[in-house]
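Subject: Structure for you to look at

Hello,

Here is the structure I said I would pass on. Please open it first; my notes follow below.

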Amino acid sequence: NRLIAESRTISVFLSAKTRQGLNDLVARLSVVLGKTMQMASIRLPFGAEHWLARIYSQGRVLSRKQVNDRIELTAQLPTRLYGQLAKAGLLQLPLDN
């Protein structure tokens, strides 16, 4: 997998004692994970708790609101979950990353 190979080519030095390099590590992880995540606008009907649990456990929810008979979310999702939600017809118009 090209993404895995690419992520292994850059090292980040980190001190457990002084925490030096922690910001570099967080920045690098954000870059690597950002390549595998997609922004999504999601509309879940009430009763779709299994989707909601997966979104919270696998993704990063940026906003949530309840509107009438549904829950609307904006989230960063792993590509696989994004595809599953799209196939289920639960995504709104695509968002830019």
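A salt bridge here is a side-chain nitrogen of Lys or Arg within 4 Å of a carboxyl oxygen of Asp or Glu. Please keep in mind that this is a predicted model.

How many salt bridges does a search of the whole structure find? It finds three. In one of them Arg 70 pairs with Glu 72, with the closest N and O atoms 2.8 Å apart. Lys 65 also forms a salt bridge with Glu 72, and there the closest N and O atoms are 4.0 Å apart. Arg 43 is another partner of Glu 72, at 3.4 Å between the closest N and O atoms. This last pair links distant parts of the chain, since Glu 72 sits in strand 3 and Arg 43 in strand 1, 29 residues apart.

Arg 43, at 39% relative accessibility, is partly exposed. Through shared partners, the salt bridges join Arg 43, Lys 65, Arg 70 and Glu 72 into one network.

Now the overall layout. The protein has four helices and three strands, and from the N terminus the order of the elements is α-α-β-α-β-β-α. It has 97 residues, of which 26% count as buried. Taking contacts between residues at least 6 apart in sequence, 54% join residues at least 24 apart. The accessible surface is about 7000 Å², with 54% of that belonging to carbon and sulfur atoms.

In soluble globular proteins, nonpolar side chains tend to be buried together. The largest nonpolar core in this model has 15 residues, and the members that touch the most others are Ile 42, Leu 44, Trp 51, Ile 55, Leu 73, Leu 77 and Leu 85. Two or more residues each come from strand 1 (37-45), helix 3 (49-58), strand 3 (70-78) and helix 4 (79-87). Strand 3 gives the largest share, four residues.

Leaving aside neighbours within four places in sequence, Ile 42 is in contact with Ile 55, Ile 71, Glu 72, Leu 73, Ala 75, Leu 77, Leu 85, Leu 90 and Leu 91.

Regards

Key:
Residues numbered from 1 in each chain as written. Predicted model: local features only at pLDDT ≥ 70, side-chain atom pairs only at ≥ 80, totals over all residues. Heavy atoms only, no water. Core = buried A, V, L, I, M, F, W, Y, C linked by side-chain atoms within 4.5 Å. Buried < 20%, exposed > 50% of the residue type's maximum accessible area, 1.4 Å probe, protein only. Contact = heavy atoms within 4.5 Å. Areas by Shrake-Rupley, 256 points an atom, 1.4 Å probe, with all protein chains shown as cover.
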